[in-house]
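Hello,

Here is the structure I promised to pass on. Please open it first, then read my notes below.

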Amino acid sequence: MDTIPKIKAGDHESYMRLALSLAAKSPPKPTNYRVGAVMVDATTNEVLATGYTLELPGNTHAEQCCIQKLAEKYQVTGTHLGEALPDTVALYTTVEPCSQRLSGNTPCVDRIIEVGKRIKKVYVGVREPDTFVSGNSSRRKLEDAGIEVLLVGGLEKDILEVATAGHDIRAPPAHEQSL
């Protein structure tokens, strides 16, 4: 893991900025979002893992990379990772965790829930745009599993700019543009 700046406990914007800096490391592709994620021990304020889209081999998402790194660190499978983690973990992710993977891989929301009750809060920079999958149900699934989902506002423009780099974005027709 690269050197991580010391961030004050509860400084959600700084953790989201860290996640955004990780997202910028992801290679731009037209078929996915560039997302960054940070997992933090909410009690000690220790960064447990970081990840970004396509950081690890395969079609990996940011949250998936965090979970895989921690599973390797503690030498457990994803389903047993919750037993190894601290009691209160917070996850910061620039884009809402995916609820469906067109590739057939396990959606990030299911991976997060699989970790168990250790992840208490998920901080999100932006809701997932409907580009690839419409109607993301992650928030509902996380909340149904007892995980609080909170929006960290103020960085939406920067997050979307990084997330959609490599996408073929066309300007909307003139009649759809707002003044």
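Rings of Phe, Tyr and Trp (its six-membered ring) count as a pair if their centres lie within 6.5 Å. Planes under 30 degrees apart make the pair stacked. Keep in mind that this is a predicted model.

**The aromatic cluster**

Y15, Y92 and Y123 form one aromatic cluster. The structure holds 2 aromatic pairs. One is Y15 with Y92, a stacked pair with 4.9 Å from centre to centre and 25° between the planes. It links distant parts of the chain. Y15 sits in helix α1 (residues 12-23) and Y92 in strand β3 (residues 89-95), 77 residues apart.

Y123 belongs to strand β4 (residues 119-126) and Y92 to strand β3, so the pair ties together parts that are 31 residues apart in sequence. Y123 is buried, at a relative accessible area of 8%.

**The sheet**

In what order do the strands run? The open sheet has 5 strands, ordered β2-β1-β3-β4-β5. Its pairing is mixed. The strands at the edges are β2 (46-52) and β5 (148-151), and each of them pairs on one side only. On average, neighbouring strands of the sheet are turned by 20° against each other, direction ignored.

Now one pairing in detail. Strand β1 (residues 36-41) and β3 run antiparallel, joined by 5 bridges. D41 has V89 in β3 as its bridge partner. As background, strands of a sheet pair through backbone hydrogen bonds, either parallel or antiparallel.

**The helices on the sheet**

Helix α1 lies across β1, β2, β3 and β4. Its direction is at about 135° to β1. Helix α2 (residues 62-74) packs on the sheet as well, touching β1, β2 and β3. The direction of α2 makes about 130° with that of β2.

**Where to look**

Then follow β3 across to β1, its antiparallel partner.

Best regards

Definitions and conventions:
Residues are numbered from 1 along each chain as its sequence is written. This is a predicted model: local features need pLDDT of at least 70, side-chain atom pairs count only at pLDDT 80 or more; totals for chains, interfaces and linings use all residues. Side-chain values use heavy atoms; hydrogens and water are left out. Rings of Phe, Tyr and Trp (its six-membered ring) pair if their centres lie within 6.5 Å; planes under 30 degrees apart count as stacked, over 60 as edge-to-face and the rest as tilted. Helices (H or I, at least four residues) and strands (E, at least two) are DSSP runs, numbered from the N terminus. Buried means under 20% relative accessible area, exposed over 50%, partly exposed in between (1.4 Å probe, protein chains only). Two strands pair if DSSP finds at least two bridges between them. Axes are lines fitted to C-alpha atoms, for helices over the stretch in contact, and angles run from 0 to 180 degrees between N-to-C directions. Contact means heavy atoms within 4.5 Å.
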